[in-house]
Amino acid sequence: MMTIYVEANKQQQPGFLGWLSHRNGFLMLHLLSIVLLTGLLVAVLVQGFKSPSSPGNEKIYKQLMQLKVEVDRLCLPCSWEWESFNGKCYFFSKSQRNWNDSATACQEVEAQLVIIDNDEEQSFLQQTSKKKGHAWMGLSDQKQEGKWIWIDGSPLRSFMKYWNKGEPNNDREEDCAEFKDDGWNDAPCAVKKYWICKKSAMSCTRN
Ligand code: 2F8
Ligand code: CA
């Protein structure tokens with residue numbers, strides 16, 4: 001019975017025209033209308049972006065420009081989980097590492113174990129690490145005992161005032177500097193502590 005039905009069908013609708021039955025034709029028309037409408041919509045949008053000449057387009061254009069201003073304002077100067085301060089970004093670690101591994105961790109995120117440039121920055125970092133825990137900074141005298149240099153090779157200069165009272169005391173070989181309580185302490189570089197990375201903030205003034 002089945003074979004007879006198929007054969008009969010073949011005879012009634014031969015080749016391509018057979019395939020284009022009433023149902024398929026309807027589907028084709030439906031698809032065609034979607035394609036045409038999409039084309040029309042794209043053409044209208046392209047025209048709208050090209051020239052805000054007609055009043056309707058002008059309104060859409062103004063709204064788009066306003067939207068752009070607002071999106072630009074959302075620009076974050078620092079990545080997620082970094083803190084912004086005076087044009088720089090700071091990462092306060094949540095885990096602990098020795099001094100060398102802390103320096104490497106900062107390099108891996110295109111930053112540097114923090115170097116302090118001014119009193120305001122020192123105050124911000126000291127207060128924050130007082131809340132978060134003792135943290136390594138990019139300062140050590142590993143190369144020459146008593147000669148404190150920043151991780152970029154620059155000398156300590158005027159910041160000696162930030163050592164805690166009686167520090168640096170090199171107690172049982174302490175060659176790396178940390179933020180501790182209200183000032184700095186020298187501690188053994190192999191001890192695991194939190195660390196702070198610093199990098200420049202991203203500019204948000206693009207057009
Ligand atoms: O009292 C200051 C003294 O405190 C600790 O030693 C008991 C510190 N040691 C470590 O952080 C490992 C010293 O560096 C510090 O001088
Ligand atoms: Ca010390």
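F179 stands opposite W184, a residue of strand 7. Strands here are DSSP runs of E with at least two residues, while helices are runs of H or I with at least four, and both are numbered from the N terminus. The model is a predicted one, in which local features need pLDDT of at least 70 and side-chain atom pairs count only at pLDDT 80 or more, whereas totals for chains, interfaces and linings use all residues. Residues are numbered from 1 along each chain as its sequence is written, chains are lettered from A and ligands numbered from 1 in the order in which they are written, and side-chain values use heavy atoms, with hydrogens and water left out.

The chain contains six helices and eight strands, and from the N terminus on these elements follow the order α-α-α-α-β-β-α-β-α-β-β-β-β-β. Of its 207 residues, 30% count as buried, a word that stands for under 20% relative accessible area, with exposed meaning over 50% and partly exposed the range in between (1.4 Å probe, protein chains only).

Strand 6 and strand 7 pair in the antiparallel sense over five bridges, where pairing requires that DSSP finds at least two bridges between two strands. These two strands form a hairpin with two residues between them, and D181 in the turn has a positive phi of about 55 degrees. Strand 6 is also joined by three bridges to strand 4 (residues 135-140), again with an antiparallel run, and here F179 of strand 6 is the bridge partner of A135. Because four of its five residues are buried, strand 6 is largely enclosed by the rest of the structure.

Which residues are around ligand 1? They are E167, N169, D171, E174, E178, K180, N185, D186, P188 and K193, each with a heavy atom within 4 Å of the ligand.

| Residue | Protein atom | Distance |
|---|---|---|
| E174 | side-chain N or O | 2.4 Å |
| N185 | side-chain N or O | 3.0 Å |
| D186 | polar backbone atom | 2.9 Å |

The protein covers 55% of the 400 Å² of accessible area that ligand 1 has on its own, as given by the Shrake-Rupley method with a 1.4 Å probe. Strand 6 (176-180) and strand 7 (183-187) are the elements that give two or more residues to this shell.

E174 counts as buried because its relative accessibility is 8%, whereas N169, at 38%, counts as partly exposed.

Some backbone details remain. E167 and P168 are joined by a cis peptide bond with omega of about -5 degrees, and P168 lies in the loop between strand 5 (149-150) and strand 6. N170 lies in the loop between strand 5 and strand 6; its phi is near 50 degrees, a positive value in a residue other than glycine, and with a relative accessible area of 24%, N170 is partly exposed.

Terms used. A polar contact is a pair of N or O atoms within 3.5 Å; within protein, one must be able to donate a hydrogen and the other to accept it, and residues adjacent in sequence count only if both atoms are side-chain atoms.
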